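Take a look at the model below. Keep the sequence and the 3D view side by side as you read.

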Amino acid sequence: LGVGAKDSKIAPNMSTSTACLCVALAASCGWTDAFMPQSFPLRRLQPTTSSLLHLGSTRAQPRSVVAGGVSMGRKGEGKGGPLDADSLRWKTREGSLLSASTTRNQPIPIPRLSDPHPHLVTLRELIRMTRPSCIPGELGLAFMGSLLAAGSFACFSMPQVWLVALFSAATGAFSMVINDYFDFRSGADALKPKPLTLGTVHPEQALLAAAVFYLVTMFCASIFLHSLPLRALVSSSLVATFLYTPLLKGVCFVKNLIVAFVISQAIVAGGLAVGGANMYRALVPAMYVFCTIMWQEITMDINDEEGDRKAGIRTLPVAIGKNAAMSIACVFAFLAACAPLLPLAISAAPFNPVSATLIPLIQSIILVGSVKAWKGRLDRDKMDKVLDWCFPAIGASLAVLVAFPG
């Protein structure tokens, strides 16, 4: 992944290119299924039958899809058959009807789109799949890490800072595309109005766009990022986001760690882009964001515990129970409140009493709300109210850490 020999510039770049090519080929050929445990729903899916060479002339064939861990069937077939492409009747394992018949559109080939510029429509829908509203947040985290490490706005004149911010934002954006692709294959998005289910984007177009992005990004990172730790961090983030949905999303607790790592690493990467003796300043907000996102992810899993249990998804609340999972979530919320105390463990890092006072006060909103929801037997409405305070608390805490760094 481009973290090879220290003195050679060619060896890391070539190893990165080779690794990227292998990832892209594995994705395009469907080899990722070979590494999946038997319990993964994607093991039961057939590979895509249409070819990239025939996107403009053929229609995607109906495929077997498993939605929510339950296998549906075509008209005229019994239980356990493949998914009906025209009409779905969703049933639980006990047989009770969950919803009425619903139409699921098949992917529409490019020439059959009614728009006069169909390729522009596909490009527009691919951009929509990247969730552009999340890009400013990813950019902001990387810029904040660089600003804290540099101590002045002069860091924005450094090309490395802008490259790291671009890589972080692009990684988050195209991880959404690859996530939508695998969710479409597993049938998780069968009833959601997304480009893949609506047919405005062919699934192989989404896979090809994401695979090419990962290939190009890892190659560019190995060429333009001169710091070995920075290359390793960006490469590991790319690999984690690519493998998240098909392999790691179903692994208990690991999926929470991956999400928190990918978000918080942008701050550390921004600090590594600047380097210097003040690099430790980026560690405090990174620790705070990591712990808060862990609290948020576990809390969301608690809310979805009933549906995950029926679907056979082994999340932390499903594995150890809601109360035990909530206790772990509260521990992470408490660790986030203690993040400003991290400089005390680093001998060369100065301690800022202002941020050490304000951050726990802000974090107390999440802690008190979590405890109240816990005492209220984890009522969903109370849990949703606590989750609504998550991002405002993160924004206020990061503003305090920028205004009063160590």
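Is C291 buried or exposed? C291 counts as buried, because its relative accessibility is 5%, and the cut-off for buried is under 20%. Bear in mind that this is a predicted model.

Stay with the cysteines for a moment. A disulfide is a covalent bond between the sulfur atoms of two cysteines. How many disulfides does a search of the whole structure find? It finds zero. C291 shows why: the closest cysteine sulfur to its own belongs to C338, and it is 9.0 Å away, too far for a bond. A disulfide needs the two sulfurs within 2.5 Å. Another cysteine, C390, is buried too, with a relative accessible area of 0%.

Now turn to the aromatic rings. The structure holds seven aromatic pairs. One of them joins F143 and F156: the ring centres are 5.5 Å apart and the planes meet at 75 degrees, so this pair is edge-to-face. F143 sits in helix α3, which covers residues 135–150, while F156 sits in the loop between α3 and α4, so the pair ties together parts that are 13 residues apart in sequence. F143 is buried at 17% relative accessibility. F156 is partly exposed at 25%.

F213 and Y214 make another pair. Their ring centres lie 5.2 Å apart with planes at 75 degrees, so this pair is edge-to-face. Both residues are buried: F213 has 10% relative accessibility, and Y214 has 2%.

Next, find Q205. Q205 belongs to helix α6, residues 203–224. Its relative accessible area is 12%, so Q205 is buried. A polar atom of the Q205 side chain lies 2.8 Å from the backbone nitrogen of H202. L126 is 79 residues away in sequence, yet the two C-alpha atoms are 8.8 Å apart in space.

K375 makes a contrast. K375 lies in helix α13, residues 353–375. It counts as exposed, because its relative accessibility is 71%. N323 is 52 residues from K375 in sequence, and their C-alpha atoms are 9.9 Å apart.

Finish on the surface. Which residues form a nonpolar patch there? They are V354, L358, L361 and F404, with about 310 Å² of accessible area together. F404 lies in the segment after α15. At 33% relative accessibility, F404 is partly exposed.

Notes: Residues numbered from 1 in each chain as written. Predicted model: local features only at pLDDT ≥ 70, side-chain atom pairs only at ≥ 80, totals over all residues. Heavy atoms only, no water. Helix = DSSP H or I, 4+ residues; strand = E, 2+ residues; numbered from the N terminus. Buried < 20%, exposed > 50% of the residue type's maximum accessible area, 1.4 Å probe, protein only. Polar contact = N/O pair within 3.5 Å; in protein donor to acceptor, adjacent residues only side chain to side chain. Patch = residues over 30% accessible without salt bridge, like charges linked within 9 Å, V, L, I, M, F, W, Y side chains within 5 Å. Areas by Shrake-Rupley, 256 points an atom, 1.4 Å probe, with all protein chains shown as cover. Salt bridge = Lys/Arg side-chain N within 4 Å of Asp/Glu carboxyl O. Phe/Tyr/Trp six-rings, centres within 6.5 Å; stacked < 30°, edge-to-face > 60°.
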